[in-house]
Amino acid sequence: MCPPGATGATGATGATGESGATGATGITGATGATGATGEAGATGATGATGITGATGATGATGEAGATGATGATGITGATGATGATGVTGEAGATGVTGPTGPTGATGATGATGEVDLAYGSLRGSSVETPGEDYEMVPFGIVGPLSGVTVSPSGNELVVDESGVYQITVSINAEATTDPDPSQPFLESFITVNGAPIFGDTTSFFKIANRSSTTYVVQAPLSAGDEVGVNIRTDFPDELGYLNRSLTVVRLSS
């Protein structure tokens, strides 16, 4: 047998051919039925608990460390400026009133002062029919006088000395016609020097139809004061007055 001849040189690689077109995807096959679940395997036996190891010995307590040195006291700081005064608080509630102290001893009775008695009176009896405006009551008859005189008109009493006086006025109302019982009053007030005694006409008093009214006041008067009476009515044609009087009596200086 003849020995093989030498291997010839490798020829050049031929050109790669073009890839062929991809074929169409085939139809998916039907899903097969699920197989039956197998039986659970038996639980294995629990292993034995291992032995607890022995507790190790407690280590020795270390020695206490040395006490540190005490720190030096700090320097006191400077005093701060005084703050502004705060707003004054509201006053507290008033405390409970304390018990009344014992009554002091009665002082000695002072000497009785002397009062110069003074008195005077005026009267009138004529029938008068006042108008709707206040006018002076006429009197005409002078009673006893002491320390009191009569004014030039004859309708006022004039006190000679200052003091506290009691002044009394009495007037009797008298119908001049036959008025209705619901009708009116005479309105009157005491005057001092022509003006209402207490400064306004709130001090007037009323005299009912066919009745008598007495009005008494106490008031301080000065020497020379003239005391009289003013009167008016809303029914000048139906209501009048007749008997009347005015008296003053000095009570104290």
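## Strands and overall fold

Strands are DSSP runs of E with at least two residues, numbered from the N terminus. The structure described here is a predicted model. By this assignment, the protein has 12 strands and zero helices. Its elements, read along the sequence, follow the pattern β-β-β-β-β-β-β-β-β-β-β-β.

Of the 253 residues in the protein, 24% are buried. The accessible surface amounts to about 18500 Å², and carbon and sulfur atoms account for 53% of that area. When contacts between residues at least 6 apart in sequence are considered, 77% of them join residues at least 24 apart.

## Ser151, in the loop between S4 and S5

Ser151 is placed in the loop that runs between strand S4 (148-150) and strand S5 (157-159). Is this residue, Ser151, buried or exposed? Ser151 counts as buried because its relative accessibility is 5%, and the cut-off for buried is under 20%.

## Loop residues with positive phi

Asn193 is not a glycine, yet it has a positive phi of about 55°. Its position is in the loop between strand S7 (185-192) and strand S8 (195-196). Asn193 counts as partly exposed because its relative accessibility is 46%, a value that falls between the limits of 20% for buried and 50% for exposed.

Arg210 also has a positive phi, of about 60°, and is likewise not a glycine. The loop that holds Arg210 lies between strand S9 (205-208) and strand S10 (212-221).

## A negative patch on the surface

Which residues gather in a patch of negative charge on the surface? The patch is formed by Glu132, Asp133, Glu135 and Asp237.

One of these residues, Glu135, is located in strand S2, which covers residues 135-136. With a relative accessibility of 33%, Glu135 counts as partly exposed.

Key: Residues are numbered from 1 along each chain as its sequence is written. This is a predicted model: local features need pLDDT of at least 70, side-chain atom pairs count only at pLDDT 80 or more; totals for chains, interfaces and linings use all residues. Side-chain values use heavy atoms; hydrogens and water are left out. Patches are made of residues with over 30% relative accessible area and no salt bridge: like charges are joined within 9 Å, nonpolar side chains (Val, Leu, Ile, Met, Phe, Trp, Tyr) within 5 Å. Accessible areas come from the Shrake-Rupley method with a 1.4 Å probe; for residues, only the protein chains shown count as cover. A salt bridge is a side-chain nitrogen of Lys or Arg within 4 Å of a carboxyl oxygen of Asp or Glu. Lys and Arg count as positive and Asp and Glu as negative; His and the chain ends are not counted. The place of a charge is taken as NZ of Lys, CZ of Arg, CG of Asp or CD of Glu. Helices (H or I, at least four residues) and strands (E, at least two) are DSSP runs, numbered from the N terminus. Buried means under 20% relative accessible area, exposed over 50%, partly exposed in between (1.4 Å probe, protein chains only). Contact means heavy atoms within 4.5 Å.
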